[in-house]
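Dear colleague,

I am passing on the structure below, and my notes on it follow. Please read them alongside the coordinates when you have a moment.

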Amino acid sequence: MLDEYSTELVNTVTWKKDPAAAMKALYAEWRKLFADDKGQFTIYGPVGCEKCSGTGYRGRVGLHELLIGTDPVKKAIQEHARVAELLAIALDEGMHTLKQDGMEKVLQGVTDMHQVRAVCIK
Ligand SMILES: [Zn+2]
């Protein structure tokens, strides 16, 4: 999942400068945020019961992607930057894509990758 998450970041300045270091930093951040005290991640899958008609899911949860109009983002828009360039700038500014938000929710045990992939169609 780390690879899939990072494919969203390949055009960012941070990633281009040193992909190995960026990957290491991302993994360290994930461990801090989502791993248990032994550094283990838990990925949940649906089990299902009578209450959920065997689906293993209950309710809905939103995946979000918010482009903040920071100065570098505004500049890129004014200069008619290409979408890929604007995305890279926004990601460098701290934006998370819809899919990245989904993957963070997978790591939190809120949903699973099957559900994330179902809604993150490019
Ligand atoms: Zn159930």
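A salt bridge here is a side-chain nitrogen of Lys or Arg within 4 Å of a carboxyl oxygen of Asp or Glu. Please bear in mind that this is a predicted model, in which local features need pLDDT of at least 70 and side-chain atom pairs count only at pLDDT 80 or more, while totals for chains, interfaces and linings use all residues. Residues are numbered from 1 along each chain as its sequence is written, and side-chain values use heavy atoms, with hydrogens and water left out.

On that basis the structure holds four salt bridges. In one of them, D101 pairs with K105, the closest N and O atoms being 2.9 Å apart; because the two are four residues apart in helix 6, about one helical turn separates them (helices are DSSP runs of H or I with at least four residues, numbered from the N terminus). Both D101 and K105 are buried, a word used for under 20% relative accessible area, with exposed meaning over 50% and partly exposed what lies in between, for a 1.4 Å probe and protein chains only. Salt bridges with shared partners also join E4, K99 and R117 into one network.

K99 and E4 are both buried. A further bridge links K75 to E79, where the closest N and O atoms are 3.4 Å apart; here K75 is partly exposed at 48% relative accessibility, and E79 is exposed, at 53%.

Turning to the metal, the zinc ion has C49 (SG) and C52 (SG) as its protein donors, at 2.1 to 2.2 Å, donors being N, O and S atoms within 2.8 Å of the metal (3.2 Å for Na, K and Ca); as water is not among the atoms, sites may look incomplete. Of these cysteines, C49 is partly exposed at 43% relative accessibility, whereas C52 is buried at 15%.
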